[in-house]
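Subject: Structure handover

Hi,

Here is the structure I promised to pass on. Please open it first, then read my notes below.

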Amino acid sequence: MAKLRHIAMVVEEMEKTAKFYEKAFGMERVRQTDTAIGLSDGVVSLVIIHPSNVNMKGDERRGLHHLGFLVEDVDRETEKVEAVGAVRHGAIINSEKGTESERKFRDPNGQVFDLTSPSYARDVWRVAV
C-alpha cells in the first residue's frame with residue numbers, strides 16, 4: 001500500500017506560511033530554496049511552493065483542499081493554532097454522540113486544516129493510532 005509522504009501547497013507568502021506551520025504544529029524546516037520550503041513532522045512532509053517556482057510555469061492553481069492533523073488534545077491545540085493566527089470556521093459533529101469530532105480552521109492564507117482526536121481517528125476512520 002502506498003503511504004502519504006508529502007503534501008504540497010502553492011502560496012504567495014511562502015515564509016509566512018512556513019512559520020505558521022512551524023509554530024502551530026512544531027514542523028521542522030528540512031530544506032529550502034528561493035521558491036520552495038520543505039517542512040516535516042518526521043513522517044509526512046509539507047512542501048510550500050511559491051508561484052514563481054519553475055515547475056509552476058503556466059499553472060495558476062493556488063493552495064490545496066485541506067490538511068488534517070491528528071492531535072492528542074484538541075482543546076490545547078486549538079489554543080495554540082489560534083494564538084499564531086488560525087481562525088476557526090466550523091466542525092464535524094459526530095451525529096451518533098452529538099459531540100464535536102473534528103475542528104476546522106483557516107490558516108493565515110485561508111487554507112483549511114482540521115484537528116482530529118485519536119479516538120475519532122480510531123473509532124470513525126478505523127485508523128490505528
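Strands E3 and E4 run antiparallel and are joined by five bridges. Strands here are DSSP runs of E with at least two residues, helices are runs of H or I with at least four, and both are numbered from the N terminus. Two strands count as paired if DSSP finds at least two bridges between them. Across this pair, Leu 39 stands opposite Leu 46 in E4. The hairpin of E3 and E4 has four residues between the strands, and Gly 42 takes a positive phi near 100° there.

A word on the source. This is a predicted model, in which local features need pLDDT of at least 70 and side-chain atom pairs count only at pLDDT 80 or more, while totals for chains, interfaces and linings use all residues. Residues are numbered from 1 along each chain as its sequence is written, and side-chain values use heavy atoms, with hydrogens and water left out.

The whole chain

The chain has three helices and eight strands. From the N terminus on, the order is β-α-β-β-β-β-α-β-β-β-α. Of its 129 residues, 39% count as buried. Buried means under 20% relative accessible area, exposed means over 50%, and partly exposed lies in between (1.4 Å probe, protein chains only). A contact means heavy atoms within 4.5 Å. Among contacts in the chain with a separation of 6 or more, 49% are between residues 24 or more positions apart.

The four-stranded sheet

E3 and E4 belong to an open sheet of four strands, in the order E1-E4-E3-E2, with mixed pairing. The edge strands are E1 (6–10) and E2 (28–33), and each pairs on one side only. From one strand to the next, the twist averages 20°. Angles run from 0 to 180 degrees between N-to-C directions, with axes fitted to C-alpha atoms, for helices over the stretch in contact.

On its other side, what does E4 pair with? Strand E4 (residues 45–49) runs parallel to E1, and five bridges join the two. His 6 stands opposite Ser 45 in E4. Ile 7 has Leu 46 as its bridge partner in E4.

E4 is mostly covered, with five of its five residues buried. Ser 45, Val 47 and Ile 49 are buried on one side, Leu 46 and Ile 48 on the other. In a regular strand the side chains alternate between the two faces of the sheet.

Helix H1

Helix H1 (residues 14–25) packs on the sheet and touches E1, E2, E3 (36–40) and E4. Its direction makes about 5° with that of E3. H1 has twelve residues and reaches 17 Å from its first C-alpha to its last. That is close to the 16 Å expected at 1.5 Å a residue, where the expected span is 1.5 Å times one less than the number of residues.

Which residues of H1 are buried? They are Met 14, Thr 17, Ala 18, Phe 20, Tyr 21, Ala 24 and Phe 25. Seen down the axis of H1, the buried residues fall within an arc of 155°, so they line one face of the helix. The arc is that of the directions from the helix axis to the C-beta atoms. Just after H1, Gly 26 takes a positive phi of about 70°.

The core

The largest nonpolar core has 22 residues. Such a core is a set of buried Ala, Val, Leu, Ile, Met, Phe, Trp, Tyr and Cys residues joined through side-chain atoms within 4.5 Å. Tyr 21, Phe 25, Phe 69, Phe 113 and Leu 115 have the most contacts inside this core. Two or more residues come from each of H1, E3, E4, E5 (66–70), H2 and E8 (112–116). H1 gives the largest share, six residues.

Val 81 lies in helix H2 (residues 74–83). Val 81 counts as buried because its relative accessibility is 0%. Not counting residues up to four places away in sequence, Val 81 touches Phe 20, Ala 24, Phe 25, Ala 86, Phe 105, Phe 113 and Leu 115. Val 81 and Phe 25 are 56 residues apart in sequence and 7.8 Å apart in space, C-alpha to C-alpha.

Ile 92 sits in strand E6 (residues 87–94). Ile 92 is partly exposed, with a relative accessible area of 32%.

Best wishes
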